[in-house]
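Please look at the model first, then read on.

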Amino acid sequence: MKPQGINQLSYRVPQGLSPGVLTAQSLGAIYDRAEYSMQLVNEVLSVVEPPELTLAVAEAEDMEFMVTCSSQAFGDSEDWTRNYFMQTNEPSRVTYIAWQDQQPVGLLRVNSINATTAFIHNFCILPAYQGQKLGRTALSILVDLLRKQSYTDIRLSVVTENKRALNLYRSVGFELNSEYHYLNGNL
């Protein structure tokens, strides 16, 4: 892994699997966070407001907005975020920018696992625009788009402490199906 430039490892362990946690810890990993895995199970009618919100596939010139939005929403440094986006820029991932009144206000990424499974990640709205139902609208639009693209299994994950996001995802039709613990370690 070192010749490939991989210096840090992330271990994903299902809840209740203490041997997995103990193994990761014995390799020097430290607990980072817990996340719920969620799956779309209910069809919720599309949100009609705010009507001026649209999604568009990100272009190369959107990179700086993506870095700013993600780092502000998740608290990571802009350098780390830029590097993350460059490392995860691959054909199976599509980034959508949420636009309101010709201004970018958020982003959502989709990783196509296979022809029927899509995983939504890096979903964020700029902090200045949060609380205006833009997140729910953007997610509803994306779910409709993914359904039209024949995805029947739509998933996402949320940090267990983020109750606001958890409620948002439930309002669009997602339900919990498992919990995972993440540990990080160096190579």
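Rings of Phe, Tyr and Trp (its six-membered ring) pair if their centres lie within 6.5 Å; planes under 30 degrees apart count as stacked, over 60 as edge-to-face and the rest as tilted. By this rule there are three aromatic pairs. The rings of tryptophan 80 and tyrosine 84 have centres 5.5 Å apart and planes at 5 degrees, so this pair is stacked.

The model is predicted: local features need pLDDT of at least 70, side-chain atom pairs count only at pLDDT 80 or more, and totals for chains, interfaces and linings use all residues. Residues are numbered from 1 along each chain as its sequence is written, and side-chain values use heavy atoms, leaving out hydrogens and water.

Tryptophan 80 and tyrosine 84 are four residues apart in helix H3 (residues 78-87), so about one helical turn separates them. Helices (H or I, at least four residues) and strands (E, at least two) are DSSP runs, numbered from the N terminus. Ring pairs also link Trp80, Tyr84 and Phe85 into a cluster.

Phenylalanine 123 and tyrosine 169 have ring centres 6.0 Å apart and planes at 35 degrees, so their pair is tilted. This pair links distant parts of the chain, 46 residues apart: phenylalanine 123 is in strand S6 (residues 117-125), tyrosine 169 in helix H5 (residues 163-172). Phenylalanine 123 is buried at 12% relative accessible area (buried means under 20%, exposed over 50%, partly exposed in between, with a 1.4 Å probe and protein chains only). Tyrosine 169 is buried too, at 7%.

| Arginine | Ring and distance from its centre |
|---|---|
| Arginine 12 | Tyrosine 180, 3.6 Å |
| Arginine 33 | Tyrosine 182, 4.2 Å |

Notes
Lys NZ or Arg CZ within 6 Å of the ring centre and 35° of its normal.
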